[in-house]
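I opened this notebook to keep track of what I looked up in one structure, going from charged pairs to the core and then to a few single residues.

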Amino acid sequence: MELSSDPVVATLEMSQIKSKEDEPFDSDGDYESLPPHVSVATHMTAGAVAGILEHTVMYPVDSVKTRMQSLQPDPNAEYKSVYQALKRIIQTEGLFRPLRGLNITMMGAGPAHAIYFACYERVKRSLSEVIQSGGNSHLANGLAGSVATVLHDAIMNPAEVVKQRMQMYNSPYRGLWDCLQTITRTEGVGAFYRSYSTQLTMNIPFQAVHFIIYELMQEQFNPHRHYNPGSHIVSGAAAGALSAAITTPLDVCKTLLNTQENVALNSVNVSGHLSGMANAFRTVYRLGGLAAFFKGAQARIIYQMPSTAIAWSVYEFFKYFLTKQQLEQEARAGPM
């Protein structure tokens, strides 16, 4: 993919847009460093759209990943590859089976990603002012990603629990509301946050690595921070793949806490409901040794690479588009 930007297509052309004082914006100014009068709504809108598309487009692969992370799967749900899994699921369970649980994911992804990107941008800018006098700081990027993750996961964790239970083979739930009601009635509201600490333990390093790699690659491929779809896609894909590979063991533990696999837990004499990251680690090791911590790694990387590329490319496009629209409107409203 061509990484060098075409100045006609790719730049925001800040120099052509007049401010209210009839002075042009700095031609070297990048659209990522948004003017202070651009509202947080720009980031939130772009983030919400990016989050929904990210989870929607790659959702069938996410369903496969959940099943491949099962520690003691049903013989009918043992898969050798993502392609074979999707093919068998569609043939034996129906065309739309890989999309089961997508509704709750979309309901959570919109607000979660809106807050996630808005928080990231604000915290990154504030920390960069302190650490690097306004310049790009990898430490600031990592810390901002970590802070944003805490808020994102607080919203997304309940959706993850419902989604993964509906994705599992022979899921007993008739639909979204049946799943919500059954979990609340039999396990209590706390069940929706049983994996929250593990989710944070996984996602904080995931997002820290993710943002550092993304920003580092942007420095190399897009140093002037113009709107450059090619660089956003490649940087996002690389960041997603590496982050996913590093944190797969924690994702396996999170899946076990979310799904509470009865067959697997009964086989190691775990009574009641499994909770806590330490207990999850011990149980995964007892069930499959070190290899069990990397179950579903292929599906996770295949899911994260395009998902992260989609999220960043969509986010950067909407941020570019919304910012440009707002600046042009303000320019037209100013004195002639």
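**Entry 1: salt bridges.** I began with the charged side chains and counted 17 salt bridges, taking as a salt bridge a side-chain nitrogen of Lys or Arg within 4 Å of a carboxyl oxygen of Asp or Glu. I note here that this is a predicted model, in which local features need pLDDT of at least 70 and side-chain atom pairs count only at pLDDT 80 or more, while totals for chains, interfaces and linings use all residues. Residues are numbered from 1 along each chain as its sequence is written, and side-chain values use heavy atoms, with hydrogens and water left out.

I looked up Asp251 and Arg300, whose side chains meet in a salt bridge at 3.5 Å, N to O. Asp251 lies in helix 9 and Arg300 in helix 12, so this pair ties together parts that are 49 residues apart in sequence; helices here are DSSP runs of H or I with at least four residues, numbered from the N terminus. Asp251 is buried at a relative accessible area of 1%, and Arg300 is buried as well, at 4%; I use buried for under 20% relative accessible area, exposed for over 50% and partly exposed for in between, with a 1.4 Å probe and protein chains only. Salt bridges that share partners join Asp62, Lys65, Glu160, Lys163, Asp251, Lys254 and Arg300 into one network.

For another pair I took Arg174 and Asp178, which form a salt bridge with the closest N and O atoms 3.6 Å apart. Arg174 is exposed at 73% relative accessibility, whereas Asp178 is buried at 15%.

**Entry 2: Lys163.** Which residue is its salt-bridge partner, with the closest N and O atoms 3.1 Å apart? The partner of Lys163 is Glu160, and both residues are buried. They are three residues apart in helix 6 and are therefore separated by about one helical turn. Leaving aside neighbours within four places in sequence, I find Lys163 in contact, meaning heavy atoms within 4.5 Å, with Tyr59, Asp62, Gly101, Ile104 and Thr105.

**Entry 3: the nonpolar core.** The largest nonpolar core has 29 residues, a nonpolar core being a set of buried Ala, Val, Leu, Ile, Met, Phe, Trp, Tyr and Cys residues joined through side-chain atoms within 4.5 Å. Those with the most contacts inside this core are Val64, Tyr79, Val82, Phe117, Tyr120, Trp312 and Tyr315. The elements that give it two or more residues include helix 2 (40-57), helix 5 (102-132) and helix 8 (196-221), and the largest share, six residues, comes from helix 12.

**Entry 4: two serines in one loop.** Ser81 is found in the loop between helix 3 and helix 4, and Ser70 has its place in that loop too. Are they buried or exposed? Ser81 is partly exposed, with a relative accessible area of 23%, while Ser70 is buried at 5%. The side chain of Ser81 reaches the backbone nitrogen of Gln84 at 3.1 Å, and the side chain of Ser70 makes a polar contact of 2.6 Å with that of Glu261; a polar contact is a pair of N or O atoms within 3.5 Å, where within protein one must be able to donate a hydrogen and the other to accept it, and residues adjacent in sequence count only if both atoms are side-chain atoms. Not counting residues up to four places away in sequence, Ser81 touches Met68 and Gln298, and Ser70 touches Met168, Glu261 and Lys295.

**Entry 5: helix 11.** Last, I noted that the buried residues of helix 11 are Ala280, Thr283, Val284 and Leu287, and that they pack against helix 9 (229-259) and helix 10 (262-267). Just after helix 11, Gly289 takes a positive phi of about 70°.
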